[in-house]
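This note is meant for a colleague who meets this structure for the first time. Its numbered points take up strands, a helix, aromatic rings, nonpolar cores and a pocket in turn.

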Amino acid sequence: MKLSITKNELNDAIQQVAKAASARPAIPILGGIKFEVTHQGVTLTASDTDISIQSFIPVESGNSIIAKVDKPGSVVLPSKFIVEIVKKLPSDDVEIEVGEHFITMIRSGSTDIQMVGLDPEEFPVLPSIEESDVLQIPGDLLKSLIRQTIFAASTSEQTPVLTGALVNLSNSDLRFVATDRHRLANRSAHVDSHPDLRFSNVVISAKTLNELSRLIPDASALVDMVVADNQALFKIGNVLFYSRLLDGTYPDTSKIIPQSYKTELVVDTKKLTDAIDRAYLMSREEKTNIVRLVTLDNGGIEISSSSSDLGRVTEQLEAFKMEGDALRIAFNSKYMLDVLKVIDSEQLTIQFTGAMSPIIIRPADHPHSTYIILPYRTTG
């Protein structure tokens, strides 16, 4: 194998795929990046068996020559080293040549590097996915769906299926759900898809979705999503992102969401966020994160928290709307802040069915998001 390639294009592709290389590989090959060179271009692949990322660099793009291939071939190079060294090469062009026993020479400017490569035949084969049923999602929408749900996924491996987000598609309604049993995030969106295209109980690790989100450009380019057997594939330009689905059946969360309420508030999102953030500082010192919300006779609300060592924070806010019963409730302020920070609407609706019933939070300007937090039982 022998080629010359522009450093920037090579570096970008390496940075993309390296996210899938195992940091502590059970076998050395899983800590590497596979280089496959043909006369059409260079394909880079990394995999830790849970996720696999593949990036393709064409030899030409528009009128620009990106790579010149003298001899096709393949090799696996250690990810940890190749990620750092390519960034620091002195010239805009890089020459890579693989000799006997996969000994690899990397040349750039006056720099010569000899690296021990691995046999590409030992590298895991990427999952085979039938791409007949493709769902196209605008990249910015997919990033929002991920950002506005995965924070509620569990971090405990005791119930592995809850460490992921449930992804369902039915009647062109794409829905992401995450819960750790103490809180729930539910976000849906209408997508342009064939009416017969549907999937359910697709559960993808929250960590994996976070890595996927980082690969999606900020522009609203389309992302292709394909689900088959125990794998999901996302195509982002020249990048393929494979994820193994989590095993198990995700719990039915539809019954958790209350269908009626006794008290409803509409408040300013930023003002409530700032007030709870200030109260959180005090509750954090107490190591409880407990913040209290009390409705007032004048139609406002009071936010408060206390620390036995530091003192007390109390703050009053106006509500745009308050209907129903008076209420005194306590909740985990960190959980509440996690919700408030992903709501893009200027106003939000909070609904309560009682002091020990779930707290329902929704953006005031659309029905596509629902968040639930379980309250605390406190004295005083």
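1. E21 and strand E25, the latter spanning residues 328–332, are paired in the antiparallel sense through 5 bridges. Within this pairing, Ile-290 lies opposite Asn-332 of E25. The coordinates come from a predicted model.

2. E21 also pairs with strand E22 (residues 301–307): the two run antiparallel and are joined by 4 bridges. Here Leu-293 has Ile-303 of E22 as its bridge partner. E21 and E22 make up a hairpin with 5 residues between them. In the turn, Gly-299 has a positive phi of about 90 degrees.

3. Helix H3 (residues 139–147) is largely enclosed by the rest of the structure, because 7 of its 9 residues are buried. The buried residues are Gly-139, Leu-141, Leu-142, Lys-143, Ser-144, Leu-145 and Ile-146. Against which elements do the buried residues of H3 pack? The strands are E12 (135–138), E14 (173–179), E15 (183–190), E17 (222–228) and E18 (231–236), and helix H4 (206–215) takes part as well.

4. The aromatic pairs number 2. Phe-151 and Tyr-371 form a tilted pair, with 6.0 Å centre to centre and 35 degrees between the planes. This pair links distant parts of the chain, 220 residues apart: Phe-151 belongs to the loop between H3 and strand E13 (164–170), and Tyr-371 to strand E28 (residues 369–373). Phe-151 has 18% relative accessibility and therefore counts as buried. Tyr-371 is buried too, with a relative accessible area of 0%.

5. Phe-234 and Phe-241 form an edge-to-face pair, at 6.5 Å centre to centre and with 70 degrees between the planes. Phe-241 counts as buried because its relative accessibility is 1%.

6. The largest nonpolar core contains 112 residues. Those with the most contacts inside this core are Leu-10, Phe-35, Leu-44, Ile-82, Leu-174, Leu-272 and Ile-303. Ile-303 is also the residue of E22 that is the bridge partner of Leu-293. Leaving aside neighbours within four places in sequence, Leu-174 is in contact with Leu-135, Ile-137, Leu-145, Val-167, Asn-168, Leu-169, Arg-187, Ser-188, Ala-189, Val-191 and Phe-199. A second, separate core has 7 residues, including Val-226, Ala-228, Leu-233 and Leu-240.

7. The largest pocket holds about 570 Å³ of space. Its lining consists of 22 residues, and the closest to the pocket centre are Glu-157, Ser-205, Ala-206, Lys-207 and Thr-208. Which element gives the most to this lining? H4 does, with 4 residues. H4 and strand E19 (239–244) each supply at least two residues of the lining. The buried residues of H3 also pack against H4.

Notes: Residues numbered from 1 in each chain as written. Predicted model: local features only at pLDDT ≥ 70, side-chain atom pairs only at ≥ 80, totals over all residues. Heavy atoms only, no water. Pairing = 2+ DSSP bridges. Buried < 20%, exposed > 50% of the residue type's maximum accessible area, 1.4 Å probe, protein only. Contact = heavy atoms within 4.5 Å. Phe/Tyr/Trp six-rings, centres within 6.5 Å; stacked < 30°, edge-to-face > 60°. Core = buried A, V, L, I, M, F, W, Y, C linked by side-chain atoms within 4.5 Å. 1 Å grid on protein atoms, 1.4 Å probe; cavity = no way out; pocket = protein on both sides within 12 Å on 5 of 7 lines; lining within 4 Å. Points joined across faces, edges and corners; volume = space filled by probe spheres on them.
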